[in-house]
Amino acid sequence: MDYRLELIPIPVTDVDRAKAFYSTLLGFTVDLDFSPTEAFRVVQLTPPGSACSIAIGVGVVATPPGSVQGLHLVVDDIHTARAELLGRGVEIGEVRDMTAPGKPVVSYAAFNDPDGNGWTLQQLPR
């Protein structure tokens with residue numbers, strides 16, 4: 001039996017602002033924007049090359065906006081990815097390299113969405 005993680009709900013205060021951030025600034029594909037009532041709206045977005053999507057909206061999740069932390073977007077070239085996001089207007093931290101004796105270097109660069117949900121670019125050893 002396979003168990004595939006394919007959708008992560010992200011709590012936001014302003015769906016349109018978050019949709020613009022994720023689609024325009026991060027380059028996520030908008031897969032769905034559905035609102036059958038004023039009490040429910042779901043927007044599903046997928047990062048380029050990912051099998052896992054995120055869902056934002058109204059009535060999607062009850063956790064407070066900004067409460068999701070530590071989401072990782074794994075990239076092949078963190079410096080190029082960071083430069084691309086900076087060029088689109090994303091406020092992103094410097095690249096930090098982490099390692100332990102005898103272990104390969106793993107690189108990180110952190111940023112937040114407009115509500116403070118925390119994301120990290122991560123480059124794993126090749």
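Start by selecting R4: this arginine is exposed, with a relative accessible area of 61%. Keep in mind that you're looking at a predicted model.

E6 itself is partly exposed, at 41% relative accessible area.

That pair is one stop of several, as the structure holds 7 salt bridges. For the next one, jump to D16 and show R41 along with it. These two form a salt bridge whose closest N and O atoms are 3.0 Å apart. Colour by secondary structure here: D16 sits in helix 1 (residues 15-25) and R41 in strand 3 (residues 40-46), so this pair ties together parts that are 25 residues apart in sequence.

R41 counts as buried because its relative accessibility is 17%, and the cut-off for buried is under 20%.

Stay on R41 and bring up D33. What do the side chains of D33 and R41 meet in? They meet in a salt bridge, 2.8 Å from N to O. D33 is partly exposed, with 35% relative accessible area.

Together, D16, K19, D33 and R41 are linked in a network of salt bridges. Within that view, R41 is the partner of D16 and also of D33.

How values were computed: Residues numbered from 1 in each chain as written. Predicted model: local features only at pLDDT ≥ 70, side-chain atom pairs only at ≥ 80, totals over all residues. Heavy atoms only, no water. Salt bridge = Lys/Arg side-chain N within 4 Å of Asp/Glu carboxyl O. Buried < 20%, exposed > 50% of the residue type's maximum accessible area, 1.4 Å probe, protein only. Helix = DSSP H or I, 4+ residues; strand = E, 2+ residues; numbered from the N terminus.
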